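Look at the model first, then read on.

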Amino acid sequence: MTLAATLLAAEGENPLIPHAYELVVGSFAFLVVFLVVGKILTPRIQKTLAERTEAIEGGIKKAEDAQAEAQRTLEQYRAQLAEARQEAARLREEAREQGAAIKAELREEAQTEARRIIEAAHAQIEADRQQAITQLRGEIGRLSTELASRIVGESLEDEARQRRIVDRFLEELEGRPETVR
Amino acid sequence: MTPLMLVAEDFTAPGPSIFDFPPLYEGAPSWLTKPVLMAIFGAIVVTALAWSAFANPKLVPRGMQNVGEMGYQFVRDQVARPFLGKDAERWMPLLISLFFLILLWNLFGVIPLIQIPVASHIAFPIVFAVTIYVIKVYLGIKHQGLGGYFKNMMFPPGLPKAIYVLLAPIEFLSNLIIAPFTHAVRLFANMFAGHLILAFFSAVGFWFLFEKPTLLGAGLGVVGAIMTIAMTGFEMFIEFLQAFLFTLLAAMYIGGSLHPDH
């Protein structure tokens, strides 16, 4: 038996002729699928996809806004930081100036004080010297008189004469350079 | 007679009769056959799958919704948008129903125990093709006017007058008679032939390895088995491709009626 013969013998129906009942079933099946999948379900997924697109776009917008906000805050912080730095620098400068002023003032005061002390000391020394000179003068006069009276053997009782003699002697002494000092 | 012919003496290749199904059981109505049952089953499965994916869609998809969205976006981006442009969303319900139903019906061809591509019975492709044809002609007349529709179809502008003598009847024939016919037959023939090829190779494998195992025939049986596996993979590709192509042509026809110039 050849293949063609087999095919011919086996051929019961022409496959290109549709069965009427299959047309009905096919239409019915397609209608059901179209009504449920197409008319009920597809709009739902379309809506969800649209919402998702919107959500993503919204999310992107939100993220952009947040980024802009962050940028603004950063700028603000930077500005504040710069301001603070400037302020700090200013304060430091001020402090330095103040320090320098205080130092100068203190030095001035100290110098004045020192000068005052030195002057006072000088005055004291001068006074002491004067006092010492006066004392010394009296002492020297008495000692000289006593010495002289012992040497001469006579008492120089006359006070006035005695003082004159001493004074003359002292003037002579003072007349010589670099004697008492 | 060669030895091979001797070996194959009793083997009969499966013919078109494998597409003839008796009623499902003794005393059943004559329309209740396996293809009819599978057509209904397929419609139910498509509806159920689509329901589980899209009934309560979430902004952040999970599980079935991911799968469904993949199919939806495939049809939308590859079929609807290229041919329908801004009308794509409006026609998605029809296109998605077409694609999912045809795809599942086709895939029945390689699903064990079912193993019958529903579209290998020409009635089913005819239902789809006629639906699209009716929509196409209706939209064409609605959007271009009765005269405009035929004028745009048969007399595309910018050609020498003599050409129209030849072109007008060809365009008329091609658009209104051949197009719906090929639309249906392309799907039908692919499924029919694919199923026949699969049946043939599996029959070869079964016959020479189990029914009449002979030393000489065993090689043939192995070839048949291997080819069955290979062709099953190929068939899956063809089944997907034909579902895609059928939907694509539907979108093209509808787009052509809505916008004749493109």
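The crossing of α3(B) and α8(B) is right-handed. A crossing is right-handed if the near helix is turned clockwise from the far one by less than a right angle, and left-handed if anticlockwise. Helices here are DSSP runs of H or I with at least four residues, strands are runs of E with at least two, and both are numbered from the N terminus.

This is a predicted model: local features need pLDDT of at least 70, side-chain atom pairs count only at pLDDT 80 or more, and totals for chains, interfaces and linings use all residues. Residues are numbered from 1 along each chain as its sequence is written, while chains are lettered from A and ligands numbered from 1 in the order in which they are written.

Two packed helices are described by the angle between their axes and the distance between the axes. Axes are lines fitted to C-alpha atoms, for helices over the stretch in contact, and angles run from 0 to 180 degrees between N-to-C directions.

| Helix pair | Angle | Axis distance |
|---|---|---|
| α3(B) and α8(B) | about 25° | 8 Å |
| α2(B) and α3(B) | roughly 110° | within 7 Å |

α3(B) and α8(B) are therefore roughly parallel to each other. Angles under 35 degrees count as roughly parallel, over 145 as roughly antiparallel, 65 to 115 as roughly perpendicular and the rest as oblique. In α3(B), the residues in contact include V75(B) and F83(B); in α8(B), they include L248(B) and M252(B). Contact means that C-beta atoms, placed from the backbone, lie within 7 Å. By class, this contact of α3(B) with α8(B) has nine nonpolar, two polar and no charged residues. Ala, Val, Leu, Ile, Met, Phe, Trp, Tyr, Cys and Pro count as nonpolar, Asp, Glu, Lys and Arg as charged, and the others, Gly among them, as polar.

How do α2(B) and α3(B) lie, parallel or perpendicular to each other? They are roughly perpendicular. Their crossing is left-handed. A50(B), S52(B), A53(B) and F54(B) of α2(B) meet M64(B), Q65(B), V67(B) and G68(B) of α3(B). That contact of α2(B) with α3(B) has five nonpolar, three polar and no charged residues.

**Where the chains meet**

Now turn to the two chains. In chain B, 41 residues are in contact with 35 residues of chain A. On the side of chain B that touches chain A, α2, α3, α4 and α5 of chain B each supply at least two residues. The largest share, 10 residues, comes from α2(B). By class, this side of chain B has 30 nonpolar, eight polar and three charged residues.

Note on methods. Contact = placed C-beta atoms within 7 Å.
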